[in-house]
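Me: I'd like to learn how to read a sheet, strand by strand. Can we go through one together?

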Amino acid sequence: MTVSDIPAPLANGRYTLSNTLGQGGMATVYGGFDTMLEVDRAVKVLSPALCRSEKLRKRFLAEARAMAKLRHTNIVTVFDVGVEDDTPYIVMEMVKGGAVIDLMDRDGQLPPEIAGPIMLGALAGLQASHDRGVVHRDIKPHNMLMTIDGIVKITDFGIAHMQEDERSFTKTGAVMGTLAYMPPEQALGQVDQIDARSDVYALGALLYEVLSGRSPYIGHSAFAVLEQVRSGPPAALQGA
């Protein structure tokens with residue numbers, strides 16, 4: 001990415017953007033700096049090609065609302081949200097230790113003494129989220145960031161479901177999430193069946209992968225994953 005690809009300062013120059021921290025299907029996260037408070041921030045900006053969709057803009061801002069209502073050590077904090085030239089953005093806490101997926105890519109299988117604290121932190125963050133009626137629905141190692149002190153912080157509530165809000169951006173039959181960590185009800189698009197237990201299932205699948213170095217269920221479609229679920233737990237976990 002060249003300097004010309006970096007968006008201009010946001011909020012009348014308050015937030016300046018520098019390097020790209022990550023990029024997904026909907027948005028790009030940039031390293032940023034709050035010139036008013038003089039602190040580093042991470043700034044998530046909706047992709048220009050998607051800004052024309054009112055539905056996607058609303059979904060993006062719904063993520064900001066979901067995260068803004070959560071204040072917990074194990075959840076990335078949202079500080080601000082805005083729209084610049086019809087492009088929405090979210091200003092978040094800067095987490096400088098990378099993601100759990102980076103740790104897995106670097107070290108492979110993680111020993112229990114490392115995996116355990118990561119999972120306990122994630123469970124604490126999920127408990128706080130569920131207590132506020134927010135189900136994440138896309139728990140995976142990419143969405144779990146690590147501070148340089150080893151504290152895990154959950155991020156990317158882009159498809160979170162707010163239980164007290166009857167409005168939903170998904171319909172029954174739609175599949176959103178990541179198949180390798182997706183519970184059966186979510187893989188089947190049974191949106192009305194997804195609740196806090198779905199996040200716990202996803203974290204369990206992640207725990208297996210962290211300890212073993214491979215996903216418990218591998219497939220390229222929801223039905224391929226479901227067939228493996230129906231066949232019982234992986235051999236490595238049988239009798240555990």
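Me: Which residue stands opposite Thr16 in S2?

Reply: In general, strands of a sheet pair through backbone hydrogen bonds, either parallel or antiparallel. Here Thr16 stands opposite Phe33 in S2, and Gly22 faces Val29 of that strand. Strands are DSSP runs (E, at least two residues; helices are H or I, at least four), numbered from the N terminus, and two strands pair if DSSP finds at least two bridges between them. This is a predicted model, where local features need pLDDT of at least 70, side-chain atom pairs count only at pLDDT 80 or more, and totals for chains, interfaces and linings use all residues. Residues are numbered from 1 along each chain as its sequence is written, and side-chain values use heavy atoms, with hydrogens and water left out.

Me: How many bridges join S1 to S2?

Reply: Six, and the two strands run antiparallel. S1 and S2 make a hairpin with three residues between them.

Me: What about S2 and S3, how many bridges there?

Reply: Eight, again antiparallel, with Ala27 opposite Leu46 in S3. That pair is a hairpin too, with four residues between the strands, and Glu38 in the turn has a positive phi of about 60°.
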